[in-house]
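Work through the exercises below with the model open. Try each task before you read its solution.

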Amino acid sequence: MNARQPNPDSPARSDHDRYLANTHEVINQPPALQDYNLFDQDLALQEAARREGADGSTPALREFGALAGAACTIDLGFRANQHKPVFNSHDRFGHRIDEVDFHPAYHQLMTIAMEHGLHSSPWTHPGQGAHVARAAKYYMHSQVEAAHGCPITMTFAAIPSIRNQPDLARDWEQRILANSYDPRNVPDGQKASVTIGMAMTEKQGGSDVRANTTRAYPVGTEGPGQAYELVGHKWFVSAPMCDAFLVLAQSRGGLSCFLMPRWRPDGSKNPWQIQRLKNKMGNVANASSEAELRGALAWMVGEEGRGVPTIIDMVAMTRFDCMIGSAAGMRQAIAQASHHCRHRSAFGARLSEQPLMQNVLADLALESEAALAYTMRIARALDNQDQDHERLLTRLATPVGKYWICKRTPNHAYEAMECIGGSGVMEDCIMPRLFRESPVNAIWEGSGNVQCLDTLRALQKEPETLDVFFQEAAEARGADRRFDQFLTQLQQDFGDTGDIQYRARNLVDRMALAMQASLLLRHSDPAVADAFCASRLQSNGGLNYGNLPSGTDAAAIIKRATPVVG
Ligand SMILES: Cc1cc2nc3c(=O)[nH]c(=O)nc-3n(C[C@H](O)[C@H](O)[C@H](O)COP(=O)(O)OP(=O)(O)OC[C@H]3O[C@@H](n4cnc5c(N)ncnc54)[C@H](O)[C@@H]3O)c2cc1C
């Protein structure tokens with residue numbers, strides 16, 4: 001037959017085209033988890049906010065939840081991470097500018113955070129529920145994009161340290177607390193709002209900052225509030241476009257804290273120079289840098305030689321935010337995993353109804369809720385620092401929680417990624433970003449061991465912190481036999497101080513578990529509390545997620561954690 005003649009047995013040409021174009025219909029894929037309300041769809045968050053004192057903020061939290069869950073906000077997170085910040089040392093004429101160029105999406109995220117007071121609200125409107133409401137917002141915003149939380153946290157956390165120097169606080173506080181964002185690289189005097197960073201870590205030591213070699217030379221009179229010039233290097237300076245930094249440097253009287261602006265008051269560039277940006281595995285939307293200080297003007301904050309106690313007021317707050325950030329990472333991970341499994345079927349049933357997947361999902365949900373409950377309890381303690389119990393609890397529970405919650409996050413992210421399967425590994429899914437972000441909070445602001453050692457320091461300096469911790473945990477006594485036994489054993493083990501540094505992780509792990517169990521027993525769904533006690537307080541030998549014992553009401557736990565979208 002002539003090739004040009006249509007074959008009467010083959011389909012008509014238009015049908016043929018259609019078969020070629022339509023390879024298949026997309027089925028068994030979940031809808032995108034977007035355009036949902038991160039507050040309304042998070043029962044544990046709603047309950048915690050109400051319980052810990054932020055009931056009055058419900059409308060604002062709901063409004064913020066809708067903003068955080070909007071597809072366009074979620075998209076900002078992806079774009080800010082796709083386009084890494086770029087460092088420009090000089091302008092085209094050869095002037096030193098030390099400028100970092102961010103994608104506009106990063107600036108939009110910063111704008112949202114600052115306009116909603118994530119850096120300011122508990123200081124501008126202190127009182128019942130202030131830290132709780134702010135933590136809830138931070139928790140939601142961090143689920144969208146975590147990296148820009150770094151400058152937000154540092155700006156927020158700088159306030160208690162700067163207040164150690166009232167004259168400097170008078171100059172800076174109002175602008176630090178302004179609910180607006182001004183990213184311009186211009187002298188702070190021209191700005192109505194500023195951001196603050198911190199520069200402690202040097203090449204030879206980040207945990208042991210007493211080894212800092214950066215020197216501070218007085219410009220005139222020496223002492224608190226006076227001007228110095230700083231000479232040295234810093235190995236990590238995150239968010240280097242901040243308008244000023246709290247810096248540790250050695251003055252004549254020892255290691256002291258300084259406030260170092262980006263520009264001098266006369267409008268000239270302050271001579272601290274970014275050497276390069278860090279090539280980070282995670283937290284990439286935020287820039288971190290190495291810097292050299294070449295006579296940078298700075299003012300002493302707080303007492304000379306008391307730099308660590310001065311800056312520790314800031315560090316205590318950043319450690320608290322690490323808890324919120326890691327709890328948020330876990331919440332977003334379980335939201336993604338449970339949403340996916342609700343919509344995806346395999347072997348004839350939805351994944352969320354397959355018994356083994358139920359075990360994994362419920363276990364991930366427990367970890368996430370326990371992290372949130374602990375974090376929000378500390379938020380309430382921060383709102384009540386005038387009460388001894390709350391102050392002592394904050395002192396001990398902060399390093400315990402920072403250590404435990406941040407350290408639980410990486411494996412949680414990995415398991416949630418696995419629930420989604422191969423698509424969970426792809427960069428157009430948020431899971432790779434959550435996974436790469438997950439170790440960061442554990443390492444900065446005092447790594448794991450340092451938190452455990454700080455826990456011991458607190459016990460040594462203020463032994464009553466332990467009484468308060470156990471008093472609080474014991475409020476759940478009688479609710480669960482396993483919990484009672486666990487708490488009794490832990491208390492007994494504190495009686496033995498031999499080898500205590502060597503055993504510190506074991507003790508701190510169990511302190512965190514005891515407090516989380518206590519909170520869940522008192523306040524959460526009975527299915528959650530029961531599964532937590534069964535899986536965390538009693539060893540059945542299994543170490544991976546998915547080790548909840550038979551009899552656990554996994555379906556109830558999963559239902560509680562699953563956002564309903566689509
Ligand atoms: C992305 C990123 C951004 C950062 N941004 C900043 C910033 O803006 N400003 C800033 O000042 N720093 C910043 N850092 C630095 C960070 O705070 C330090 O890396 C951290 O404190 C650890 O210090 P190091 O890296 O020097 O490690 P080291 O101090 O050498 O510690 C290494 C390990 O030893 C452990 N260790 C230390 N002492 C003891 C001990 N006595 N017993 C047992 N174990 C111990 C630590 O827990 C850690 O696991 C940043 C770090 C990262 C990763």
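**Exercise 1.** Find the network of salt bridges and list the residues that are linked in it.

Solution. Start with the criterion: a salt bridge is a side-chain nitrogen of Lys or Arg within 4 Å of a carboxyl oxygen of Asp or Glu. The network links Arg377, Glu390, Glu472, Glu475 and Arg522. The structure holds 36 salt bridges.

Before you go on, note the ground rules. This is a predicted model, in which local features need pLDDT of at least 70 and side-chain atom pairs count only at pLDDT 80 or more, while totals for chains, interfaces and linings use all residues. Residues are numbered from 1 along each chain as its sequence is written, and side-chain values use heavy atoms, with hydrogens and water left out.

**Exercise 2.** Examine the salt bridge of Lys234 and Glu202: which parts does the pair tie together, and are the two residues buried or exposed?

Solution. Step one: the side chains meet at 2.9 Å, N to O. Step two: Lys234 lies in strand E5 and Glu202 in the loop between E3 and strand E4 (215-218), so the pair ties together parts 32 residues apart in sequence. Helices (H or I, at least four residues) and strands (E, at least two) are DSSP runs, numbered from the N terminus. Step three: Lys234 is buried, at 1% relative accessible area. Glu202 is buried too, at 1%. Buried means under 20% relative accessible area, exposed over 50%, partly exposed in between (1.4 Å probe, protein chains only).

**Exercise 3.** Describe the salt bridge of Arg457 and Asp454.

Solution. The distance is 2.8 Å, N to O. Both residues lie in helix H15, three residues apart, about one turn of the helix. Arg457 is partly exposed at 42%, whereas Asp454 is buried at 8%.
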